[in-house]
Amino acid sequence: MKSLNKIPMKLLNIIQPYTTRSILKYSAIIVITWIVVFACFLTSTTLNNQQKLNQNLKTINNLESKMSNIQKITANSKITSQLNLDFILPDGLTDEAKTYIKELNLTSPGENNQPFHFHKPIPAHIVNKTEEMYNKYGFNAFASSLVSLNRNLPDVRNDVCKNRKYRNEQFSKVSIIIPFYNDEWSLLMRTVHSIIRKSPLHLIEEIILVDDYSTYEHLQENLKNYTKSLPVTVKVIRTHKRLGIVANRVFGARNAVAPVLIYVDSHIECFDGWLEPILDRFVDNMELVVSPNISDTNRFNLAVNFNKTAGRTMGMNWRLEFKWIPNEVIEGNKSVPIYDPKPTPIVIFAVLAIGRKFFEKIGYLDIDFDIWGGEDFELALRAWMCGGRVELVPCSLVAHMFREHKYKHRSKGKGGYRWNMNRIAEIWLGKYKRRYYKYVKPRRRRFGDIQERLKLKKELNCKNFQWYLDNVFPALKEMD
Ligand SMILES: [Mn+2]
């Protein structure tokens, strides 16, 4: 107060307009300006936030749809990605194998279908080991034990096959049946790993390893325990005595649950996209036997020869021996595009698919066959003649190894391979069996009791061999 009194009037006059009127006025302006500015700021931030929120929502929606797509894709097929599975599937190289690989200075032997070979000179103990294992298993098992169970084979699919749409989603599942007897571990397990790595897993109901009473230690508890760790259902079932591969295959079928069965030998490897073209055929017709294209794995260096696979169909001669036959010979003037599924006179059991109920209906296999041989020819003839269809699907490729000694062992009292072939001739060839015997000239025509199978043939109202020759395999008429 005191100071106010002392303030000169001039100054008071100067101050007064500001203090009383102007200050109020300017303050109001400033406050209003601030309010406006603040309001603008608020509005803009809110708008901004709203926009951001909208954007975020969009992103979330996008992400969600992407996620559900990913889930769909994963559920559909993409879980076969090798990267993912190689975390789960071990390469199977034992410490011993790793030591040999180091000693022999090998780098990823067998990888990407590189032929296996030793650097020279080969140490004597390696030569001995290689020979010993070759004699035991009928192929270069020592080399195989040094090759990863997850080795890659190149994707050799033709563009036509790769880009074709296969109708797998309309389809349920397969049981993959692998009969074996005293097999070498790495070859058998590479078969299992390759099926898992090269198939859309949601299509596999189960893999069934059917052990025909093996005696080797590594195929007992060890096998059961190992298969438990695999990312698909693997059943190991065991016969109560040696049955031979024919009865063993029937035993496998009786234990399978999926609508389609695929038999694979214990010494195969699948190529990319092998399964889808096979299953596609069963969407229209379950009364079907389907074979993929099969290429040879060299039993010495384990390299797969996949060069000569197109343009040929499976057939046989009058001795009932397997022959690859050029398509034009089989098809005559009705030529089918080279990569299209096509009828085939014969299939081989190395890899073949069959509708489970159809297999049962036409009487599985002839279990009076001896241990090994010809059961696939018998099945193909029976399937054709008793109302089914047999096809080759060139877009599917599987590698199969012919070992030196096959599913070895011969039973007492029967005559092995020839016994089986005689049964085929007697049951299925009708009057044409004379032509078979003319070429084969067996010392004795032994084939056992065929009454049951003849009865089945009659019950199923099967066509005769003349029909097969006229409609399925006319080229055989001209063959020697
Ligand atoms: Mn085989």
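## Basis and confidence

The model is predicted, and local features are reported where pLDDT is at least 70, side-chain atom pairs count only at pLDDT 80 or more, and totals for chains, interfaces and linings use all residues. Residues are numbered from 1 along each chain as its sequence is written, and side-chain values use heavy atoms, with hydrogens and water left out.

The pLDDT, which is the predictor's confidence in each residue on a scale from 0 to 100, averages 85 over the chain, and 79% of the residues score at least 70. Over residues 1–20 the pLDDT is below 50, and this stretch has 8 contacts in the model beyond near neighbours in sequence, a contact meaning heavy atoms within 4.5 Å. Residues 63–82 also have a pLDDT below 50, with 20 contacts beyond near neighbours in sequence.

## Overall make-up

The chain holds 19 helices and 12 strands, where helices (H or I, at least four residues) and strands (E, at least two) are DSSP runs numbered from the N terminus. Of its 480 residues, 48% count as buried; buried means under 20% relative accessible area, exposed means over 50%, and partly exposed lies in between, with a 1.4 Å probe and protein chains only.

The chain exposes about 24,800 Å², of which carbon and sulfur atoms supply 55%, the areas coming from the Shrake-Rupley method with a 1.4 Å probe and, for residues, only the protein chains shown counting as cover. Among contacts with a separation of 6 or more, 81% are between residues 24 or more positions apart.

## The manganese site

The manganese ion has as its protein donors Asp265 (OD), His267 (NE2) and His400 (NE2), which lie 2.1 to 2.2 Å from the ion. Donors here are N, O and S atoms within 2.8 Å of the metal (3.2 Å for Na, K and Ca), and sites may look incomplete because water is not among the atoms.

Along the chain the donors follow the spacing D-x1-H-x132-H. The two histidines link distant parts of the chain, since histidine 267 is in the loop between β4 (260–264) and β5 (268–270) and histidine 400 is in strand β12 (residues 389–401), 133 residues apart. Both histidine 267 and histidine 400 are buried.

## Covered strands

In strand β11 (residues 351–355), 5 of the 5 residues are buried. Val351, Ala353 and Gly355 point one way from β11, while Leu352 and Ile354 point the other way. This strand pairs with β4 in the antiparallel sense over 5 bridges, and two strands are taken to pair if DSSP finds at least two bridges between them. Strand β6 (residues 288–297) also pairs with β11 in the antiparallel sense, over 2 bridges. Alanine 353 of β11 is the bridge partner of isoleucine 262, and valine 290 stands opposite alanine 353 as well.

Strand β8 (residues 312–316) likewise has 5 of its 5 residues buried, with Arg312, Met314 and Met316 on one side and Thr313 and Gly315 on the other. It pairs with strand β9 (residues 322–326) in the antiparallel sense over 5 bridges, and the bridge partner of threonine 313 in β9 is isoleucine 325. The hairpin of β8 and β9 has 5 residues between the strands, and leucine 320 there takes a positive phi near 60 degrees.

Helix α17 (residues 451–459) has Arg453, Leu456 and Lys457 as its buried residues. Seen down the axis of α17, these fall within an arc of 100 degrees, so they line one face of the helix; the arc is that of the directions from the helix axis to the C-beta atoms. The face turned away from this buried side carries the exposed residues Gln451, Glu452, Lys458 and Glu459. The cover over the buried residues of α17 includes α14 (375–385) and α15 (416–428), and α17 is followed by asparagine 461, whose phi is positive, near 55 degrees.

In α14, 11 of the 11 residues are buried, including Glu375, Asp376, Arg382 and Trp384. After α14 comes glycine 387, with a positive phi near 100 degrees.

## A loop residue

Serine 172 is found in the loop between α7 (159–163) and β1 (174–180), and counts as partly exposed at 39% relative accessibility. Leaving aside neighbours within four places in sequence, serine 172 is in contact with Leu203 and Pro259. The C-alpha atoms of serine 172 and leucine 203, 31 residues apart along the chain, are separated by 6.7 Å.
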